[in-house]
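Dear colleague,

I am passing on the structure below, together with some notes on its charged side chains and its backbone. Please read the notes alongside the coordinates.

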Amino acid sequence: LRDKRHLSPPASSTLSQSLTKHRRSSMIQPMTRRLPWVRQAISTTVVFLARTARTSTVATAAEESGHQLPSRFRIVHASVVHRHGDRSPITPLKDSDFWRGQLPTQDVLQGVSRGTRVLRDSVEGQRVHHAQGSGPFGQLTTLGLLQMVGLGERLREELGSALFTSSRPLEPSRVRVMSTNFPRTIQSVQALLTGMFPECDAQIDIDVRGTNDFFIPDPQPRQSKNQLVLESHLGRQQHLLEKEAEMEDLARRLTRSLDGYLGDGANAVSFGIGEEKGDDDRLQAPLSWAQLSEILVCLNSRNLLPKTVTREDVEIVSKHVAWKWMESLKHPVLSKAAMWKFATQLVDDAKRCRECNEGPYLCIYSAHDSTLIGLISILQLEQPARWPEYASYLKMELIQEEKETEEVLWVRFSLNGELLRSKWLTGSEGQPLRMVPLGSLVEMIEEDHQLIDEHEKMLFCWKEGVLSSRSLECAD
């Protein structure tokens, strides 16, 4: 049912064969004996998978072959930032009972959460992000839970020998876990830990305190009052305006096609870099591209698209949303305003682990697709060929090179097992590097940047961790 090399659901004609293969898996047997609620989830999902046509995939572990390091290199720390598993649409739709039926039962969720403790701030006065969803919407599905259990198994295989050793094995005391304070991300990492530690009774803390402020590039409210102004400015670039005009008819057509699907409160949902609207704008068609994409992807994966919408339409919308986000976040002033705090934490965690020679050796961050895109942008990595699908994960490895006279620390990145080269630092022939020195990475993250107008006057400035605009001083 969950072949670790491919997480797409099998066709109904081969479902029984897949289940037979699943029962033979020695990897899953201890977990299902130990965790009967996961076995219940698997059973519950059979019918769901049989009627599901498509879902997300994660690159296979075999794709990491050829990434082997020479003997003088050793991985000493790793950070994994993952997207949550498959979810229901964030935007409320009319058929709430159908979407509620896609979710894991409370018994399953309580079982997967056993052995974890969620560390939270006081909820008083905290604003709920629009992308969190409500009721059955924006929630982790049963399929999503299984995807995350599978990802936990895969990471245990990847890191069990590469980062950990027989004298320093993979165990909860050597792992730190953080998550955005969304139910679907918390449940996703709980499922991941189920796959990573199938027979462990030790308590694992999941820290969600303050993470909604800097784990995503579009927190509500933003980290800086100037970020929304900057997003709006970048969104008015001529090539973006021309593209929006070209795509407007499609947006309106798709909005009309979804009119009979939208539930109460659908127009009040607003999120995304450059996508957030005022109250008056939300009452007008069309829906934002972020909404169109997330609704259509969820419907398409379950063969529920309106008759007037094609899978080609879904692909066009998904690509357009990805292009819009990347066009904005590729500017270092915005990418640093949005993701500098998180990128700095990733680097600081790695440095602290090495300097103190103690854990956590593995940091796990449960987040969103926008998180992965935001980090790829601020770290100036090669853009992936596809938008990060459900259960995708960005891995940062701190690698120690032993030389005769010194110790050198390198960093490399991968997305779903595929290396992402660093565009900002190139080799002798101008090619992006597979690994970069830790010190150089720190310097790049700490660099200051300006956005200037056609008259060479500063519009926005990123300096020493602060975003300023023309109305504020940004000294040389």
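The structure holds 24 salt bridges, a salt bridge being a side-chain nitrogen of Lys or Arg within 4 Å of a carboxyl oxygen of Asp or Glu. Please bear in mind that this is a predicted model, in which local features need pLDDT of at least 70 and side-chain atom pairs count only at pLDDT 80 or more, whereas totals for chains, interfaces and linings use all residues. Residues are numbered from 1 along each chain as its sequence is written, and side-chain values use heavy atoms, with hydrogens and water left out.

One of these salt bridges joins Arg 209 to Asp 207, with 2.9 Å from N to O. Asp 207 counts as buried because its relative accessibility is 17%, while Arg 209, at 40%, counts as partly exposed; here buried means under 20% relative accessible area, exposed means over 50%, and partly exposed is in between (1.4 Å probe, protein chains only). Another salt bridge pairs the side chains of Glu 389 and Arg 386 at 2.7 Å, N to O, and Glu 389 is buried, its relative accessible area being 17%.

Turning to the backbone, most residues other than glycine have a negative phi, and most peptide bonds are trans. Against that background, the peptide bond from Gln 220 to Pro 221 is cis, with omega near 0 degrees. Pro 221 lies in the loop between strand E4 (204–207) and helix H8 (225–235), where helices (H or I, at least four residues) and strands (E, at least two) are DSSP runs numbered from the N terminus.

Gln 380, although not a glycine, has a positive phi of about 55 degrees, and its place is the loop between helix H14 (369–378) and strand E6 (393–402); Gln 380 counts as partly exposed because its relative accessibility is 26%. Glu 464 likewise has a positive phi, near 50 degrees, without being a glycine. This residue sits in the loop between strand E13 (458–463) and strand E14 (466–469), and at 67% relative accessibility Glu 464 counts as exposed.

With kind regards
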